[in-house]
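Please go through the briefing below with the sequence and the model side by side.

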Amino acid sequence: MISSSNPTPKGGDTGLPNGQAYFASRRTRVNRFVEQHFTWPGTLHLHNAALGWDFLRAPINVMLSPVLVLTRIAAFLCRQIRLYGIADWLAARRILLPTAVSHRVEVLIATDLLDLPLPQGSAARDPGALSRAVLAAPQFRELIRQRADAAEAQVLGQRIADALGDYAGTRSAVAEMTTGLVTLAVGALVFQALTPGVISMAPGVAGALARTTAIAEFPMGQTIGGLWYGLFPPGASPLLVTASVVFLVMIGSVFAAFAGVLADPVQSRLGIHHRRLMRLIDTLEVELCGPGDRPFAVREHYYARLLDLWDVVGSAFRLFRN
């Protein structure tokens, strides 16, 4: 069992109620947590878990991310018109496939930052282990007893576990944005074009392949062929463009699985990890000490969708322009 050596403060030690004192102590540990796990070499160790099935889960999560955004928007709208049951059900849907890296992040937050009694490996074997760890945590026991019966306690424990899962799920969106920024840089350097995604990059890759093939097969030699097709570029067939999309998606999925190795240190330097963890702690505090109506905001998924929209609109513009 992983456990922190720092004791949970009592209310009398800080002048705050027990719950608020506990969460205040968690906030003081955020900087150390970020430094240990989200900078080198900590993030390299974290991404050891990506070697395996995460190569398949990453592209599937890219396709599922718009569904997640739609369910969160629907949950928000239902809450505005007081359909709280439907809103809670929608907000609790775990749309994205849990990756090995996200599992490891959840466990690290639960044990190292929140000091929950979670045995090593149990979260990966049993999805309900995290919820039970919340209910069994001594620092939460009195808070749960004061505001929930047995059935409500189970719901509360699951909501806290879902908040941790949503936090870990933001890594998928950050990986998408990192991949998009890398394709943008590659497109600017190689194709002198804005390519925020594989859709906009695929025609350039297909065109380069078509030109290379045409030059190699030019009947008067490659030198003259290079001059000829420099003046009259060959067009790429739809099949070649489709094959380029598939190839880029495969390359992108591999990159996305390890994108955090690049993104984590940058986010740590910019304070993004710190602010995101603070938002998570605020959410958990409201769940346990307040009305419990503040779900963790998955803003990163919306930012990733803006890149997708840019990619689609830019590709459509180039298509109709030609």
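## Surface, salt bridges and spaces

Leu77 counts as partly exposed, because its relative accessibility is 48%, where partly exposed lies between buried (under 20% relative accessible area) and exposed (over 50%), judged with a 1.4 Å probe and protein chains only. The model is predicted, and local features therefore need pLDDT of at least 70, side-chain atom pairs count only at pLDDT 80 or more, and totals for chains, interfaces and linings use all residues. Residues are numbered from 1 along each chain as its sequence is written, and side-chain values use heavy atoms, with hydrogens and water left out.

- Leu77 lies in helix H5, where helices are DSSP runs of H or I with at least four residues, numbered from the N terminus.
- A nonpolar surface patch of about 900 Å² is made by Leu70, Ile73, Phe76, Leu77, Tyr302, Tyr303, Leu306, Leu309 and Val313, and the elements that give two or more residues to this patch are H5 and H17.
- H17 gives the most to the nonpolar patch, with five residues.
- Patches are made of residues with over 30% relative accessible area and no salt bridge, with nonpolar side chains (Val, Leu, Ile, Met, Phe, Trp, Tyr) joined within 5 Å and like charges within 9 Å; accessible areas come from the Shrake-Rupley method with a 1.4 Å probe, and for residues only the protein chains shown count as cover.
- Leu64 also has its place in helix H5, and with a relative accessible area of 24% this residue is partly exposed.
- Between Leu64 and Leu97 the C-alpha to C-alpha distance is 8.5 Å, although the two are 33 residues apart in sequence.

**Salt bridges**

- The structure holds ten salt bridges, a salt bridge being a side-chain nitrogen of Lys or Arg within 4 Å of a carboxyl oxygen of Asp or Glu.
- One of them joins Asp112 to Arg32, with the closest N and O atoms 3.2 Å apart; the pair links distant parts of the chain, since Asp112 is in helix H7 (residues 100–113) and Arg32 in helix H3 (residues 30–37), 80 residues apart.
- In this pair Asp112 is buried, with a relative accessible area of 14%, whereas Arg32, at 38% relative accessibility, counts as partly exposed.
- Glu287 forms a salt bridge with Arg159, with 3.1 Å between the closest N and O atoms; because Glu287 lies in helix H16 (residues 272–289) and Arg159 in helix H11, the pair ties together parts that are 128 residues apart in sequence.
- Glu287 counts as buried at 4% relative accessibility, while Arg159 counts as partly exposed at 31%.
- Arg79 and Asp88 meet through their side chains in a salt bridge of 3.1 Å, N to O; Arg79 is partly exposed, with a relative accessible area of 21%, and Asp88 counts as partly exposed at 36% relative accessibility.
- Arg27, Asp282 and Glu285 are linked in a network of salt bridges.

**The cavity**

- A search of the whole structure finds one cavity of 30 Å³ or more, where a cavity is a set of points, on a 1 Å grid over the protein atoms alone, at which a 1.4 Å probe fits but cannot get out.
- The largest cavity has a volume of about 440 Å³, a volume being the space filled by probe spheres set on grid points that are joined across faces, edges and corners.
- Lining residues have an atom within 4 Å of a point, and of the 39 residues that line the largest cavity, the closest to its centre are Thr99, Ala168, Gly169, Arg171 and Ser172.
- Two or more lining residues each come from H5, H7, H11, H14, helix H15 (260–270) and H16, and the largest share, eleven residues, comes from H11.
- The lining of the largest cavity divides into 16 nonpolar, 13 polar and ten charged residues, with Ala, Val, Leu, Ile, Met, Phe, Trp, Tyr, Cys and Pro counted as nonpolar, Asp, Glu, Lys and Arg as charged, and the others, Gly among them, as polar.

**The second largest pocket**

- The second largest pocket has a volume of about 520 Å³, a pocket being an open set of points with protein on both sides within 12 Å along at least five of seven lines.
- Its lining holds 24 residues, of which Val62, Glu176, Gly197, Val198 and Asp308 lie nearest the centre of the pocket.
- H17 supplies the largest share of this lining, six residues.
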